[in-house]
Amino acid sequence: MTKYRTLLLATVGFNFSFLIWFSFAPFTGPMAEEFGLSLAEIGVLASAAIWLAPFGRMLTGWLSDRFGAPAVFAIVLGYVGVFSMASAFAQSYTVFFVERLIVATAGITFVIGIQHVSEWFEEDELGTAEGIYAGVGNAGAAGGALILPRAFPSDWSGPLFSTNWRAAFFYTGVVSILLAVAYYALGEAARTEEKRAATAEGASFRGWLFTATRYGTVVLALAYVMTFGLELSMNGWLATYYREGFDTQNLTLAATFAATFSIAAGLLRPVGGYVSDRLARAERDILPVFAGRYREQWTFLTLCFVVVTMFGMTLAGLSGEVLIAVGAGFLVGMGCAFAEGAIFAQVPAMFPNSSGSVAGVVGGVGTVGGIVYPLVYAAPFLANLHVGYAIVGASMIPIVVIAGWVLRPHVAERANDDGWVVSTDPAAPPPTSDD
């Protein structure tokens, strides 16, 4: 069936986008040596991988609603491939930094795929379908950590390049261009012409402003800061952390340790969406304080779990045992996966005809965590590399409190209709709730 082909196409495209997004992470050591980078500068490089994502995701989410996902996905994969190939030939760090900044916009493909999948699946399947898409897609970071150092080892001496990271960037760029062609040729925008027309019709600036300022959109965006933003920060940082924090000088081993987080954060994400679907279908309360708001209960519970595991990450690091720290990282990844799956089960269910725009806002704002958190991990004023996780965990508590307020039944039932910007224009879009 076409909807499963769409899910497969979107998942493969996003999986590779995630791989190429964080393809620099396994090679931070050799790049630092070649360009003379300090540990703090590596932290900036990890942060820079997210700089363009917030605006890029908001824009491409709206563009996907307006013009359809296949064309937008193909364009992004195409230019990312070109700049990845170009970065393999960079001789100055300034040129290299700018080119990798553009390559890092591969991460904006997430909202394109979210929109594409939501155009093909019914509401009672959305959490599971979006969870599979995002979960397997996010695992691309683990694939990069596991595959790239082995495919392009430190003693690489293959054709065109004598440096392993340059070869990795060139050949991943080639694959990206090939996937762009495949996505454009095989992708179909929506399951019916009527669905495509309804989505495109709502893709106006006024409609975007309305949905972007609903209480539901805002709280889900903040929740995504502390989950997906956290995931991004860990994907770009953990290989360095396990290498520097525990004196693990073997690059492949450090990357493998880091991959355990990415595997949990990626492959367990469908569980978060599936549980959300199950609770909604069964109308089962697991947190009575949010009685009747079944998806919201699961979302709140997963956010609390993320905070707890971040404090656990610091305690594990302070133990001095690298394997305990790896296990703690796996639990953090599990928390991210469950919460992200829960969040994106709610997005298309709450906003069925503007899922791209809302996904763009949630996904775009969520990436801010990926920009800020690496700067905390590598902050020079910290006593050691382990303390930063607890600081980040403490910063998440206000978000959990805000989520608890919005997810209360009498607020949540209007959270996709009410917001901070109330239009008085009679031509403004009507409430988008189907509740």
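Me: What does it mean to say that Y242 touches D247?
Reply: This is a predicted model. A contact means heavy atoms within 4.5 Å. Leaving aside residues up to four places away in sequence, Y242 touches D247, T248, A254, F257, A258, M313, V322, A325, V326 and G329.

Me: Why is the set that holds Y242 called a nonpolar core?
Reply: A nonpolar core takes buried residues of the listed types, Tyr and Trp included, joined through side-chain atoms within 4.5 Å. The largest one has 124 residues. W21, L230, Y241 and Y242 have the most contacts inside it.

Me: Which helix gives the most to this core?
Reply: Helix α18, residues 322-350, with 11 residues.

Me: What makes the core with L279 another core?
Reply: It lies apart from the largest one. It has six residues, among them L279, M334, F338 and A342. Cores are sets joined through side-chain atoms within 4.5 Å.

Me: How do you know what the secondary structure of the protein is?
Reply: DSSP runs decide: a helix needs at least four residues, a strand at least two. The protein comes to 22 helices and zero strands.

Me: Why is the protein called as compact as a globular protein of its length?
Reply: The globule rule gives 22 Å for 435 residues. The radius of gyration is 21 Å, close to that value, so the description holds.

Me: What makes a residue count as buried, and what percentage of the protein does?
Reply: Buried means under 20% relative accessible area. By that cut-off, 61% of the 435 residues are buried.

Key:
Residues are numbered from 1 along each chain as its sequence is written. This is a predicted model: local features need pLDDT of at least 70, side-chain atom pairs count only at pLDDT 80 or more; totals for chains, interfaces and linings use all residues. Side-chain values use heavy atoms; hydrogens and water are left out. The radius of gyration is taken over C-alpha atoms; the globule rule is 2.2 Å times the number of residues to the power 0.38. Buried means under 20% relative accessible area, exposed over 50%, partly exposed in between (1.4 Å probe, protein chains only).
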